[in-house]
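Trainee: I have a model open and want to learn how to read it. Where do we begin?

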Amino acid sequence: MLAVTLNAENLSVSLDGTVHLDHVDFTLARGRLYTVIGRTLAGKSTLLRVIAGLLEPDSGRITLDKRQFSGLPVWRRDVAMVYQQFINYPHLSVLDNVAFPLRRRGTPKHEARRRAGELLMRVGLEGFETRRPSQLSGGQQQRVALARALAKQAGILLLDEPLVNLDYKLREQFREEFRGLFAGQADMIVVYTTTEIGEAMMLGHEILVLHEGRLLQMGRPADVFERPASTTVAEIVNDPPMNLLDGHIADNTLHFSSGMGATLPLHMVALPPGRYRFGIRANDLEMRPDGAIGGEVIVAEVSGSETFLHLDTAIGPLAVKCEGIHPLALRTQVRLALEPERLFAFSPEGGLVAAP
Amino acid sequence: MAQITLKQIGHSYSGGTRPGDYALCPLDMTWHDGRTYALLGPSGCGKTTMLNIVSGIVTPSQGRVWFDQRDVTGLPTARRNIAQVFQFPVIYGSKTVYQNLAFPLVCRKWASDRIRRKVGEIADLLDLGAKLGKPARGLTADEKQLISLGRGLVREDVSAVLMDEPLTVIDPQMKFHLRRKLKEINDRFKLTLVYVTHDQDEAMTFASEILVMSGGRVVQSGPPEHLFEFPQTTYVGYFIGSPAMNFLDAEGQGDRAVFAGIPLTTAYPGDRVPQGAIRIGVRPEYLEFVATAGENVLAAMVVDVQDHGGVRIVEVEVGGARVKVKLAREKPVPEGPALLRLPPGKIRLYRDGELVPLD
Amino acid sequence: MPGLYRTLKYAAVLLWSAFVVAPLLWALTTSFKTINGVTGGATYIPWLDYKPSLEGWRELFNTSGTGVNIGQPFIDSAIVTLGASAISLVLGTLAAYGLSRFTYRAGFIRNRDIVFFFISQRIMPPIVLAIPFFLMLKFLGLLDSIPGLILVYIALLLPIAVWVMVDFFNNVPREIDEMAMLDGCTPIGAFIRVVLPNSLPGVVVAGLFCIIFGWNDFFFAFTLTFTRTQLLPVAIVALNSTVTPWWSLSASSLISVAPLVVVAFLVEKFLSRGTLAGAIR
Amino acid sequence: MRGQKYIFLLPGLLVLLAIILFPLLFTIRVSLSAWGVSQPGLNWIGIENYVGVLRDQRFWQAMVRLGFLAVGTVIIEYVLGFSMALLVWRDIRFRRVFRVLFLVPMMTTPVIMAVIWRTIFHESLGPANDLLGRIGIAPVPWLTNETMAMVSVMIVEIWLWTPFMFLLLLSGLLSQPREPFLAAAIDGAGPVRTFFNVTFPLMAPISVSALVIRLIEASKIMETVYVLTSGGPGTATETASYYIYIRGLRDFEIGYASSLSITYLIIMIVALTIIAKVLVRTMIGKQA
């Protein structure tokens, strides 16, 4: 396979009156993994379906190495896909499931099965060759689907929230394995959609932030995370979403609209006075007995080994993330410390103007 | 609400009594009035069987179920006075929200003004007050789940509320709202709540006590933070927390745990440290990089860094083993050789996969 | 369950069972009668009420001209039913798959209109079609022939096949065929290699329905055949016209019912397994 | 995909069109002619036949009778079929035996079973009167009294077709999830409340399609009538189809029978569409 770039120009898709993709442009290069992050219905699945050829865009085009890609029928595209539901062929054994795409490309039966066996070993399913997919657990079914997608050796591999229907521990395990599994695929473009920023950051060479059909930002994970282009991106690439507070800058002081003030941090001194929206990450807020902000717990949610506290505070509702497991009861009173040095500043329209 | 007692409850669908036959191995269990219990485990671990025994859908092949002083083992679901919320919302699709909530009371032949008062009260609590006149089938999935719960709450005789993975079909963005509502209601009504889930996040968020189940047995039970700090087995240590607890092969010598030739201090009293082959368990959250050598400080080599956004997971090689360290984003990540400290108070010792008790 | 409720329940089921089997039992006992067993008034139990004889059964396979001989009609019926069912099943399954997966549009006509067109053929009363079918088959030279009947039966059975299969395919996840296309199958390849093997219960149920309605048709067999070809129902009803020999009539009717009782067992099997639920709605 | 999708639809659609279209167009054309015994062939007499149809009292009576017969039997079939489906749904021994048994009449050839039923209804030699006589009831003129002939036709239709209703409804019941029924039990509902609040609403969509399908089939009642009563006594059991058959194939008034056919078809399509809409509205409500 030669140098591959997948290029999308001005892609738009509407279905039944709702916009799924809105003038999306990007270029993807081989040997790299792209994670597409966005909430449910942001257009992630639609994007993959358009690349796969399962959906025709209303406008725009996709080219592969400058050759027109959009018009090709699905079965002639060099594309493999893994769905969020565990889609396998129920009537075929695990081994024949994986051998299926190879057989369709004319690989002799014996050779196809041998290669399928190797792939099953790579995804940790040796010993399950003769089972039917329905006899496997959810995680194992997804492994079969993954092996089958890899078997096709396509130039483009699409994964549509492949872990969303698995439970926490399996997701964690799969992510680790994915890093190894995709690392060796130098001639492949991998596009991976997810709603979880942690997953997007640890897996992706680059992140595409999609919201309501529009591509809001694309770039290296750390760049997107540290310099989110807008409040919307900032909300999407933080879990829980970045806290946003209205306020203004005047007399070299930062004022929240609740009345509280703070000294202007160094990275904001160049900003002209006026109205802004300030953002602070949930894990940049600290619970401290001497904190300046009083608040009341609405709900404490545990994720992995972190606790998300949703609070009602003097400066508005805030989400706080703390390490460890803290099953705080409802209406517990807490105090928070807010470090102005950790604040982001956005224009009233939402564009980023200053980042820590 | 009632206290639920399971006495020698076990169930095998085949009727056999050999250990391999049991979907739920015989156990004793008491669930206290007004507390929230989560049955947590992968599918096939026996958690749903246990719930169904309590609700009366399954009659246990052995043992008795007591609600307070009442033996309910032989009673059908309808006569156990429980409320249940299922995985998929169950509503009476042909009725309005009001009629749905009133249904259990109509069945109990309450007077209509008494029903109106009670339903109004519960509907306000569930934020459904404005929707009482609407047909129930037009609501969103999370509202439908609230109605299912509401049909239990209107009754005044409910012994326990049982929930079977009630958040499965809820849109991720709505889960937060529903969780909050459930917590609030739970807080207010002091329900005896039994909650079945395979999702440790949900269990940890909801329950005052979690029962971790595996292979038909309860592996450990206790409050969430206890499970996190003192996993009873290496399985629980792996299962609870993300990333999983690190385990290192070591050897007990005197009052020390020796790892890679280096004796480590622990919080265990000297005579508690088992001699011979043991494993050290320590959570990635508690490991720290330090600048100078000292007690419990090991030489390590950074081999991989995963950027998760708010945190980084640093994988290091230490004494021939791989260990994960969880670091907040603002903390510096060492490159190449580094010094890693195991805080003595956070070290747990395991022998044959079981936690060695600290006291 | 309270005892009274239980008793009533079993009573109702047994009563209905009695109603259902009564005509068949009557046919069974009548088939062993002779003229004496019939003309003396209703009799039920052989040996006790009447002297049983096999005359009725023997006559069915008597080819000597005086007898009835339903052997050939039985075979003709089987050929027509199976032939028409097979063709309807193939065409109907293909059409149903297309209607469930793709969007067709011609002017104001959409998929649901096409489905309605297929199913609406069942509204057409046979009598409306009988005369034109007669003329059409005459024009094609297929009157009084097996191919002619097969052609007509396709019109009867195709709507049934489409009706059952559209609903069935709507319940087979679309992602499976998408997957097959991504793996390199053309739509037809995906249909044959992946969708069809996973739709066998639906195909079987549709086939059973076709067989039931094909085997049991009388009207077209009656109006479109004369001497060369004769289907079973026509042959049996023909017995009815002259002096009715109740015994051979009963015997022949049991023979015609027998093959499809096997179908009843099959249908029940699918029913209890739950595979029918997706197939009929 | 674009071109390939027609490979699926077109063969079936074209075959059906080919088989159906000619008869339909031909019938319309013939209905505008005076084709009969005296003048066979296609002449043109305009809508004269249709004027005749409008004045044809016997036809309209047959239509009304058909409406009564079809709606009446289908409602009884629905009630009986639903009851039996509920009874052998669960909690009963030998349910699979009963299920098979209840399906059997559907597998029989209607016209043949009608012949058997005629022997059963035979006034002097049939078992129906014989059994009634044994419990002291006078012989019933099953097929010769106007009312009883109608009842007889209905009994046979119900015997033949309740199984179909039973099959559709039972498969519907078996596909229902268990939870709504448990929830009703937990809420304290008895069997009657459970039926009206849970079972019936859940079964409404299936009920509607079952009723419509059966109405379509029942509107074609003819073979049973042909065998049992030949429309008699007098015209007491004559249905529209049977009347068209008499005028067309027996009296060979092809032109007139064709106009009857077309009139009948239009009425059927209109009536069934209205009935389907009404059923959907009353039984399913605004769900759709």
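Mentor: This is a predicted model. Start with domains.

Trainee: How is chain B divided?

Mentor: Chain B has domain 1 (4-229) and domain 2 (244-355). In chain B, 40 Å lie between the C-alpha centres of domain 1 and domain 2.

Trainee: Next, sheets. What is the order of the strands in the open sheet of chain A?

Mentor: The order is β13-β12-β11-β14-β20-β21, six strands with antiparallel pairing. β13 (261-263) and β21 (352-354) of chain A are at the edges, and each has a single partner strand, so one side of each lacks a neighbour in the sheet. From one strand to the next, the twist averages 40 degrees.

Trainee: How many bridges pair β14 with β20 in chain A?

Mentor: Three bridges, in the antiparallel sense, pair β14 (residues 274-280) with β20 (residues 344-346) of chain A.

Trainee: How do I read the faces of a strand?

Mentor: In a regular strand, side chains alternate between the two faces of the sheet. Now look at β7 of chain B. A160(B), L162(B) and D164(B) point one way from β7(B), while V161(B) and M163(B) point the other way.

Trainee: Why is β7 of chain B largely enclosed by the rest of the structure?

Mentor: Five of the five residues of β7(B), residues 160-164, are buried, so the rest of the structure largely encloses this strand. Here buried means 20 or more other C-beta atoms within 10 Å of the residue's own.

Trainee: Which way do β6(B) and β7(B) run, parallel or antiparallel?

Mentor: Parallel, with four bridges joining β6(B) to β7(B). β7(B) is also joined to β8 (residues 193-197) of chain B by four bridges, and that pair runs parallel. V161(B) in β7(B) is the bridge partner of A83(B). V161(B) also stands opposite L193(B) in β8(B).

Trainee: Now helices. How do I describe a packed pair?

Mentor: Two packed helices are described by the angle between their axes and the distance between the axes. Take α5 (residues 111-120) and α7 (residues 146-170) of chain C: the angle is about 135 degrees and the axes are 7 Å apart. α5(C) and α7(C) are therefore oblique to each other.

Trainee: Which residues of α5(C) meet α7(C)?

Mentor: V115(C), F118(C) and I119(C). On the α7(C) side they meet L158(C), P159(C), V162(C), W163(C) and V166(C). By class, this contact has eight nonpolar, no polar and no charged residues. An α-helix has 3.6 residues a turn, so residues three or four places apart point the same way.

Trainee: Which chains share the most contacts?

Mentor: Chains C and D do, out of the five pairs of chains in contact. 79 residues of chain C are in contact with 75 residues of chain D. On the side of chain C that touches chain D, helix α13 (residues 246-273) gives the most, with 15 residues. By class, that side has 59 nonpolar, 16 polar and four charged residues. Chain B and chain C, by contrast, do not touch, and their nearest C-alpha atoms are 11 Å apart.

Trainee: What do the buried residues of α8(D) pack against?

Mentor: First, the list. P180(D), A183(D), A184(D), A185(D), I186(D) and D187(D) are the buried residues of α8 (residues 179-187) of chain D. They pack against β6 (82-85), α2 (97-107) and α4 (141-153) of chain B, together with α9 (191-218) of chain D. Just after α8(D), look at the backbone: G188(D) has a positive phi of about 95 degrees.

Key: Residues are numbered from 1 along each chain as its sequence is written. Chains are lettered from A and ligands numbered from 1 in the order in which they are written. This is a predicted model: local features need pLDDT of at least 70, side-chain atom pairs count only at pLDDT 80 or more; totals for chains, interfaces and linings use all residues. Domain bounds come from an automatic or database domain assignment. A residue is buried if 20 or more other C-beta atoms lie within 10 Å of its own, exposed if 12 or fewer, and partly exposed in between; C-beta atoms are placed from the backbone. Helices (H or I, at least four residues) and strands (E, at least two) are DSSP runs, numbered from the N terminus. Two residues are in contact if their C-beta atoms, placed from the backbone, lie within 7 Å. Two strands pair if DSSP finds at least two bridges between them. Axes are lines fitted to C-alpha atoms, for helices over the stretch in contact, and angles run from 0 to 180 degrees between N-to-C directions. Angles under 35 degrees count as roughly parallel, over 145 as roughly antiparallel, 65 to 115 as roughly perpendicular and the rest as oblique. Ala, Val, Leu, Ile, Met, Phe, Trp, Tyr, Cys and Pro count as nonpolar, Asp, Glu, Lys and Arg as charged, and the others, Gly among them, as polar.
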